[in-house]
Amino acid sequence: MSDKTTQMTAILSTIIDFYYTYKYFHWNLVDSDFIEYHELFDAHAILIYKSQDVIAERMRQMGESVIGLLSEYQSNSHISKEKPDSKNNIQNILKYIKEQHDITIKLLEETIDFASENKDFSTADILTKYLQDHQKMQWFIKSSISS
Ligand SMILES: [Fe+2]
């Protein structure tokens, strides 16, 4: 795999994994503010879900192959496997989710940088939109962390 394919595959795998991470907490969370977080997590999951197809189709436009096995997405994802239990303290769950946004933001920034250096401005533009989405979601999650 070229550096560009490796980076785009990592982004695609990470956001697919991130989508199911949000869904996991959306479905299983038990908390006194359940409805509030149930709805927030779903809104973020939907936003992340929409980016998958655009990124995969951009890879094809650039002549790259897209992986298709769940096991491949899992091994290329940067999402931490140390997921807290859904019945864990909500603050621990929020901290975990915030860290996954930090990881995704770093991955997007590195790939935007690489794409720009190689004059692939369309990929940089597409990813910059998702960078903004993750920065906004990170802010929402961060602002719900009490300490
Ligand atoms: Fe739902």
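Just after helix α2, Gly63 adopts a positive phi of about 80°. The model examined here is predicted. Helix α2 itself covers residues 34–61, a total of 28 residues. From its first C-alpha to its last, α2 reaches 42 Å, which is close to the 40 Å expected at 1.5 Å a residue.

Several positions along α2 are buried, namely Leu40, Phe41, His44, Ile48, Ser51, Ile55, Arg58 and Met59.

Phe121 counts as exposed because it has 11 C-beta neighbours inside 10 Å, the limit for an exposed residue being 12 or fewer. In sequence, Phe121 is 57 residues apart from Glu64, and the C-alpha atoms of Phe121 and Glu64 are 16 Å apart in space.

The relation of α5 to helix α4 (residues 90–117) was also examined. Two packed helices are described by the distance between their axes and by the angle between those axes. For α4 and α5, the axes come within 9 Å and cross at roughly 160°. Angles over 145 degrees count as roughly antiparallel, and α4 and α5 are therefore roughly antiparallel to each other. The crossing in which α4 passes α5 is left-handed. By class, the residues in the contact of α4 with α5 comprise 13 nonpolar, nine polar and four charged.

Methods. Residues are numbered from 1 along each chain as its sequence is written. This is a predicted model: local features need pLDDT of at least 70, side-chain atom pairs count only at pLDDT 80 or more; totals for chains, interfaces and linings use all residues. A residue is buried if 20 or more other C-beta atoms lie within 10 Å of its own, exposed if 12 or fewer, and partly exposed in between; C-beta atoms are placed from the backbone. Axes are lines fitted to C-alpha atoms, for helices over the stretch in contact, and angles run from 0 to 180 degrees between N-to-C directions. Helices (H or I, at least four residues) and strands (E, at least two) are DSSP runs, numbered from the N terminus. Angles under 35 degrees count as roughly parallel, over 145 as roughly antiparallel, 65 to 115 as roughly perpendicular and the rest as oblique. A crossing is left-handed if the near helix is turned anticlockwise from the far one by less than a right angle, and right-handed if clockwise. Ala, Val, Leu, Ile, Met, Phe, Trp, Tyr, Cys and Pro count as nonpolar, Asp, Glu, Lys and Arg as charged, and the others, Gly among them, as polar. The expected span of a helix is 1.5 Å times one less than its number of residues.
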